[in-house]
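Here is a friendly briefing on a protein model. Have the structure open beside you, and take the topics one by one.

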Amino acid sequence: MTLRVTLEYHHKETRKSLLSRLAMANSYRSLEAFLSLNGTSALPFERGEPQAIKRLSEWSGVPAEQLSCYNIKSSGVGSHWSLGPALMSRDMRVGPYHRYCPKCVAADLQHGRGREQTRPYVRAAWMTRAVEACVEHGCVIVEAAADKKAQGDFARYVADNLERLREEAVTVPSAASVEVARYVENRIHGKSSNDFLDQFEAYVAIDLCRNIGHFAIQHGLVESAAAPGGELSLVDYGFEIACHGPERIEAMIAEVIARERPFAIEMQGFFGKLRRWLLRNEDKDEFAGVIELFQGIAERNLPIGSDETFVLPTRQRHLHSVRSASIEYRMFEDRVYQLAIDAGLTEPTDLSSGRIYLDAQRTHDILSVALATVTTPEIASELGIHIERVRQMLDANLLPRVEAAQDGTRIYSRVRRSDFDAFKKRLNAPMATPTRAQAQAYKALADQKRRESQQGPGGLGTGIRG
Ligand SMILES: [Zn+2]
């Protein structure tokens, strides 16, 4: 049965708001009194149960299909809930508060129809703390504690607080930004507005922005977390970056990495809250997309390999550090560094070995070749002769060089291991009386073979400088 007094319904209005206003307009003591007289509670109306929508349609005279939006439901798993099509997290629940824009309320009071107290209505977007600003008025959303029995009875709250509400409409602070609020509203209304963020559940998209904001503050890209609005400014700042898509996020992180050059083992501290957030949610399906995003960014921009786990184990090494290459190729760090400089993989630098990054593929190419060569001091040691003699041999082309001398101070003459072995064979050709040098060379060769059989083919580890 339609109630005696009916009201204008607004398309952004929640069902509970309409109920509250109807109860007030029809002179019931409160929303709770009206509902209990009708043997029901607010819950089925909030959830959008078909029977409740039908009843509200009958009471209000508003067609049921117009009342079918903004269902508020628990999502079943964990503490998540949904507001219309937008999935929200626990910290976005409104709790025992009225939330509203005082300027919207003042405008409703002034321009609405019917009795004054019944005019202001609750916008669906106010029903989540993810919305912290009024897009229309550019001010912050205000929260006022509600009696346990009067939760959601907004018309009653308006009737009891007319003066306060009019005052608040004048004094309410401006919001730093309304972009996040605009974005979340679109999600609540089922509108797509950002291809990148829209691929995530609403609360994941918002948390993504918040954690990017944390990262930006942690690394000094924004001034301070103590800006007015606190957490809000984190989300706002992160949104400014994230709304431009994954390339912009990676560019920001790559810029900080280029400046700070963290060790692979510093990854945890470097990513801070952002990485902890991902690890905490690793097993949730709705996080697969963001985990993939940051896993890729970490692999492409940090010298991490199969020993390091960002969130997932590293799938492909894109970068080495001088240190990690030294360990992987079992070469002295000095030698890796010099080879990298010679090949133009890095500029000369005072950074420590773990902070000098090298392209992994090119490092592999260069170090593989180097591993198949021996240096002047190595030859001298194996043959048991003085290094000067080796240089004379090389100058006489008895052994072909593969890497030319660089300058007067640092000479890295290298000879292919195979060329050297063939040379030794010739040296060891049967003779009536071996010379002392030949005997030593033979012994050195035998020692070398023994070492290799103990260490495997990569086990040279002898980057002694010539
Ligand atoms: Zn407003």
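Among contacts in the protein between residues at least 6 apart in sequence, 64% join residues at least 24 apart; two residues are in contact if their C-beta atoms, placed from the backbone, lie within 7 Å. This is a predicted model, in which local features need pLDDT of at least 70, side-chain atom pairs count only at pLDDT 80 or more, and totals for chains, interfaces and linings use all residues. Residues are numbered from 1 along each chain as its sequence is written.

**Overall make-up**

- The protein has 20 helices and 10 strands; helices (H or I, at least four residues) and strands (E, at least two) are DSSP runs, numbered from the N terminus.
- Of its 466 residues, 36% count as buried. A residue is buried if 20 or more other C-beta atoms lie within 10 Å of its own, exposed if 12 or fewer, and partly exposed in between.

**Nonpolar cores**

- In soluble globular proteins, nonpolar side chains tend to be buried together.
- The largest nonpolar core here has 106 residues, and Ile141, Val184 and Cys209 have the most contacts inside it. Such a core is a set of buried Ala, Val, Leu, Ile, Met, Phe, Trp, Tyr and Cys residues joined through C-beta atoms within 7 Å.
- Helix H9 (residues 202–218) gives this core its largest share, 11 residues.
- Another core, of 7 residues, lies apart from it and includes Val374, Ile379, Ala380 and Phe420.

- S1 is joined to strand S2 (residues 81–83) by 3 bridges, and serine 82 in S2 is the bridge partner of lysine 73.

**A closer look at alanine 64**

- Alanine 64 sits in the loop between helix H4 (50–60) and S1.
- Alanine 64 is partly exposed because it has 14 other C-beta atoms within 10 Å.
- Beyond its neighbours within four places in sequence, alanine 64 is in contact with Ile53, Lys54 and Ser57.

**Confidence**

- The mean pLDDT of the protein is 88, and 88% of its residues reach 70 or more; pLDDT is the predictor's confidence in each residue, from 0 to 100.
- Over residues 225–231, pLDDT stays under 50, and it also stays under 50 over residues 456–466.

Definitions and conventions:
Pairing = 2+ DSSP bridges.
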